[in-house]
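Hi,

Here is the structure I promised to pass on to you. Have a look at it first, and then read on for my notes.

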Amino acid sequence: MNQEVNIVWRKCVEVLKDNLTPTVFNTWFAALEAHDFHDNTLVLRVKSQFVAQYIEENYIDLLSRVIRRFFGSDTQLEYRVLVDSTSGTATTYPSESTAMPAVLPVHTYTNNKVTNWDTQLNENYTFANFVAGETNKLARTAAVAIAKEPGKTVFNPLFIYGGSGVGKTHLANAIGNQIARMMNTQRVLYVSANTFKLQFQDAHNQNKIPEFLLFYQGVDVLIIDDIQFFAGLKGTQDTFFHIFNYLHQMRKQLILTSDRSPLQLHDVEERLLTRFKWGLSVEIKRPDRELRRNILIDKMRRDGIELSDEIIDYITDNACQNVRDIEGILASLMAYATLMESEITMDLAKQVVSRLVPVYSKEIAIEDIVGAVCEHTNIPEKSIKSRTREKSVVQARQMIVYLSKELTDRSYLDISAKVGKRSHATLIYAYNTIKEQMTYDKVLRHDIQLLEYELKK
């Protein structure tokens, strides 16, 4: 990096220091370095991907304004991150927040190869760093099959759904990255539903809908993230309907992600929902304990963090909602340890975890859940195991199944023994029934939330 760039970056640092508290600046910005500046792009060197993600989520508006003030209004931002401290390998990826999301990517097509095509993919999301487990096994298997033969499997479209932070976006990007790397004639495009909406609005306002359609009809692999945000957008849905039909008819691959299944999407046209079900709809569930522990260890290795087995188990047992909890805890542990200039102890881990996620003070047993539900619904426990099909008893039984899967790591076989030895299929149906009803039944949702609170105390 030349001296001139270093001087300009120091001016940015001074402004950042003036606009941030000392703690925030020292934790997240003091160690940033200007690695390079070329083609209106500033490359910042950061210690880990966690640091870059935290800055992106919390301080990117300020950082972008400062950078563009000193480096120019067209300046884009990239991060250079040490991916694996053991090998010394690094990767560079763009800041999503300083990009221009409403502009369609550009490309040329020469000698049967795609050149200058902006896939919009996050290159950090690959199959290699997607940690597999029981809760994502089916989704990953289908994804690998698609990456080998896009558009030629029965998984078209692939509709991946699940809660926040379970790995949907990672897996969708992994498919795209694999195809883009192995098949250079394939035009792969990743776009969020919100960005698609903005692009459509721009095209509509500029009377360029034909060009908009033509561009998307030229895509070979289209990945739309968070499709649930199409809800209520009639014009966007109509346009996507025609794009979907054309690509599917031409045997191009479509990959969609959502926070809920097609059956639970509201304010989306029925003709679109029908097409979403043409291929494979697969859920990625919340990671179980084994998967959480493996994810934690994998991220520790990639960021060069060492934790004792005791601390690993503690984080694993409490960061049980999604992968982002694990990432947030590791990022905070790194920050606190840096500020305190000390090793990461169990006391420090407990402090950090308690600030970021609910800490379970006890292990919840299925028997506890049965007792809590029966007390809440005034239904005797013996009725739960009986063969009665009375509506109130059936719902109480289903609530027990749902809470047992959400709050424990026990199998359906274990749960079956507590609810009258119901079949595996019956238990799955019970779980899905409660999960779906909670999306529109406020009373049931309140009851479940109250029971969860009482059980976790």
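**The parallel sheet**

Strand β7 (residues 158-161) and strand β10 (residues 253-258) run parallel and are joined by four bridges. Please keep in mind that this is a predicted model. Within that pairing, Ile160 sits opposite Thr257 of β10.

The two strands belong to an open sheet of five strands, with parallel pairing and the order β8-β9-β10-β7-β11. At its edges are β8 (188-192) and β11 (280-283), each of which pairs on one side only. From one strand to the next, the twist averages 15°.

**Around β9**

How many bridges pair β8 with β9? There are five, in the parallel sense, and Leu189 has Leu222 in β9 as its bridge partner. On to the next pairing: β9 and β10 are linked by four bridges, again in the parallel sense, with Ile223 opposite Ile255 in β10. To get from β9 to β10, the chain passes through helix α9 (residues 234-249), and this β-α-β crossover is right-handed.

Is β9 largely enclosed or open to the outside? Five of its five residues are buried, so β9 is largely enclosed by the rest of the structure. Val221, Ile223 and Asp225 point one way from the strand, while Leu222 and Ile224 point the other way, and all are buried. If you bring up the helices as well, you will find helix α7 (residues 193-205) lying across β8 and β9 (221-225), at about 95° to β8.

**A buried asparagine**

Leaving aside residues up to four places away in sequence, Asn177 touches Leu121, Asn122, Glu123 and Tyr125.

**Cysteines**

A disulfide is a covalent bond between the sulfur atoms of two cysteines. Searching the whole structure turns up zero disulfides.

Methods. Residues numbered from 1 in each chain as written. Predicted model: local features only at pLDDT ≥ 70, side-chain atom pairs only at ≥ 80, totals over all residues. Heavy atoms only, no water. Disulfide = S-S within 2.5 Å. Pairing = 2+ DSSP bridges. Axes fitted to C-alpha atoms, helices over the stretch in contact; angles between N-to-C directions. Contact = heavy atoms within 4.5 Å. Buried < 20%, exposed > 50% of the residue type's maximum accessible area, 1.4 Å probe, protein only. Right-handed = clockwise from strand over helix to strand, strands pointing away.
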